[in-house]
Amino acid sequence: MAKLNEKQKLMAIGGSAFAICLLAGGGVYWANGLIDEVTQSIKVQDEAIAIAESKIRKIPATEKEVIILRENLAEYVKILPDTQALNEFVTTLNQFATTSGVLTQNFQPGKVAKLDTKTPQKFSKIEYDYDMTATLWQFLKFINLIENYERFISITDYSVSQISGREAEQRDGDQVHSFKVKMETYVYNAKASGQDVEIPNYDKRRDDLKEEIWRRIRTIEIEKYEHRGGRGRRDIFIDPRDHEGKPDGPPVEEQKAIIERFIGDLQKLKDLVSKRRKPDLTIFDIYTIDKDIAEGVDKVEIGAQEVAARQQISASPLRLRWVKEVVEPLAELRSARAMKDTRTHTDPFLSGEEIMQLIGSMTKLAEEGDLEGADQRYESVAQKIIVPLTDPRHDLAIAAKAMHIKVKTAIDFKNLELKIQGFIVNKEGGRSGILVNGSVFEEGEYLSDELMLRKVQEEQVYFVFRGLTLIRTL
Amino acid sequence: MIRINLLPTEQRRGTRISPKVLGTSFGSTLAVAASIGWFGLVYFGQLADLEQQQIRVTATLQGKQKEAVYYDKLLSNETDYKARVQTIQDIGKSRRVWSRFMDEMIDVVNNGGDTERHLAWFDSLQLKSDPKTKAAVVTMPGMVQGNDLAKVANLHRDIEQAPFARDLASKSSPGGKQEPSKDRIPPEAFKSTIELRFKPTVQEAPKQKPQPQPQTAAQKK
């Protein structure tokens, strides 16, 4: 190899150095490119971390929301039948028809249609056509049962038309009409739902959120309505005018008089009810008033049943008045009584305090000479003091009964025909005597099997009647 | 005189490295060392640090990503449930309770037994609902007893006061044609049809305007 001259050497050294420097520079450039890439990647990952952290921060709140919604949804879908529940739904419809009294003429399910919503695959709509004959009240009861059914059913169309001619019939005294109903329900397809995320400690957290879940469930309550029957109202699909030449029922004035009479009787009962609410009544007054109310309600009820059986209130407007002013107030009185009865049935006997009050009251009346009053007081509660032997009130009840026996004895003694025509008081130790009903009796002698003359004083005579000492003042 | 150069060959003047070459070599060496050093700093310093940082960040992200995916699934569940709940709520709200309407209408027509104000009855009733909006139309052809049009007006007035009237979008006006009966007492009655239009229970979503299509070259011509 030829020797390099100086210039060549310089060129070789400089060139090599330059090449190496260039390579190093290229390497730096390449490394900087890598640095940029890595920096960019780190930046992207930092952003991803920031996003992830932001998501992580939202997890507790979202978990809470998902738990609430999931539980709510589980409740909500109960109002929508699934495919299997549709058979049950048809059976239920039949039960409603039987309960309400409508007669089914035709029942046809329509096509299943997807719902026009954000989640069409999960909900389907099914329509039903239902034709029936029924009275207006039967029909109202039927659709009310449908609308109050636990599953969601919506009545979309219906029509009412009168049946005339030979086919016209009556049920329960009301005209039958023809009804056509179109209703729809929605089926929830749970299979089409996505997979539920598994949330840690789900059961515990669900229990913690119970109140919130319940609060939200209440926001979807389906509107319900309680139909209370005809209540004397007339059928609005019937011409209420009388047929020429054949008026229905007694004259209107007579019908009005019947209603007025019943209103008067009910007013008396209402007065008794008001009187019973007064605070200063004794237990015995209350029992007496209750007895009067019970007897009064029974009497009015029997009368009302007779009026209904004889169809004495036939004028359409008066029928409504009869129901509003007689039947309904009577039912209220009856139910108020029934409620009171259920309360008293829990303990059929007077309390110890009440029995003591009874004894005290009878004693006071007897001392004042009002024996009949004392007897009535006992009789008004007689059934409520037949306390069994095991009851701690038994002794008090026996005392009350003993007091009543005394009162009865005193009344019987008072009613005895004892005409005292004269008396002899022997102050020297001999026996005194009296002249009663024309016969003379000395102390210790029996006037009858139950009555003995015990002692005679100048102003009063002591008798022993059925073991009880009684005084007759002269 | 013979001059004998006793210096080794490489140290003789003719073969000795010239200062230029030496200087150039030194300079080149410095430049090479500097450039390699620079590369080393960049590659093994900055880049290595960043790669370490990237490993840490990737590990952190992987750790958080699992929870983020869990959140995404939760969010997807939430959106899905909300849509389903909304559908059920819409279904629930779309219903009108017709047994209530009928009961209230019967109350209006019966008017508590007061026949002086009006005494009406109907031949039939037809209810039709729009399948989408659930807006309903009730048509009731019927009669109002008497030859006093005021009674027809009274009936309409009472219908307007009824609880269901708040859901009405419109109602037909009072009117009627006298149609005496041959077999009823009293025979006079006005025949008319009452039409009640109920408001929709479902609000239709506003229809989106179609986006204008970009014109093609052929259309432009």
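Author: Two strands are said to pair if DSSP finds at least two bridges between them. The model discussed here is a predicted one. Strand 10 and strand 11 (residues 460–465) of chain A have five bridges, in the antiparallel sense, against a requirement of at least two, and they therefore count as paired. Within this pairing, Val456(A) stands opposite Val461(A) in strand 11 of chain A.

Reader: What makes strand 11 and strand 12 of chain A a pair?

Author: The requirement is again at least two bridges. Strand 11 and strand 12 of chain A have six, in the antiparallel sense, so the two strands are paired. One residue of strand 12 of chain A, Thr469(A), is the bridge partner of Val464(A). The hairpin of these strands has two residues between them, and Arg466(A) takes a positive phi near 50° there.

Reader: Why are strand 10 and strand 12 of chain A said to stand at the edges?

Author: Three strands form an open sheet in chain A, in the order 10-11-12, with antiparallel pairing. Strand 10 (451–456) and strand 12 (468–473) of chain A each have a single partner strand, so each has one side without a neighbour in the sheet. From one strand to the next, the twist averages 30°. Helix 11 (residues 394–414) of chain A packs on the sheet, where it touches strand 11 and strand 12 of chain A, and its direction makes about 40° with that of strand 12 of chain A.

Reader: Why is strand 12 of chain A called hardly covered?

Author: A residue is buried if 20 or more other C-beta atoms lie within 10 Å of its own. Of the six residues of strand 12 of chain A, the count that is buried is zero.

Reader: Why does Ala410(A) count as partly exposed?

Author: Ala410(A) has 18 C-beta neighbours inside 10 Å. Setting aside residues up to four places away in sequence, Ala410(A) touches Ala366(A), Leu371(A) and Leu470(A). Ala410(A) and Ile471(A) are 61 residues apart in sequence, with a C-alpha to C-alpha distance of 9.8 Å.

Reader: How do you know what span helix 1 of chain A should have, and what does the model give?

Author: At 1.5 Å a residue, the 71 residues of helix 1 (residues 6–76) of chain A should span 105 Å. The end C-alpha atoms are 98 Å apart, which agrees. In this helix a kink of about 45° lies at Ile59(A), shortly before the proline Pro60(A).

Reader: What makes strand 3 of chain A and strand 2 of chain B a pair?

Author: Strand 3 (residues 153–162) of chain A and strand 2 of chain B have four bridges in the antiparallel sense, against at least two required, so they are paired. Val160(A) stands opposite Leu125(B) in strand 2 of chain B.

Reader: How many residues of each chain are in contact with the other, and which element of chain B gives the most?

Author: Contact involves 75 residues of chain B and 85 residues of chain A. Helix 1 of chain B gives the most to the side that touches chain A, with 45 residues. The residues on that side of chain B divide into 33 nonpolar, 26 polar and 16 charged.

Notes:
Residues are numbered from 1 along each chain as its sequence is written. Chains are lettered from A and ligands numbered from 1 in the order in which they are written. This is a predicted model: local features need pLDDT of at least 70, side-chain atom pairs count only at pLDDT 80 or more; totals for chains, interfaces and linings use all residues. The expected span of a helix is 1.5 Å times one less than its number of residues. The bend at a residue is the angle between axes fitted to the seven residues ending there and the seven starting there. Axes are lines fitted to C-alpha atoms, for helices over the stretch in contact, and angles run from 0 to 180 degrees between N-to-C directions. Two residues are in contact if their C-beta atoms, placed from the backbone, lie within 7 Å. A residue is buried if 20 or more other C-beta atoms lie within 10 Å of its own, exposed if 12 or fewer, and partly exposed in between; C-beta atoms are placed from the backbone. Ala, Val, Leu, Ile, Met, Phe, Trp, Tyr, Cys and Pro count as nonpolar, Asp, Glu, Lys and Arg as charged, and the others, Gly among them, as polar.
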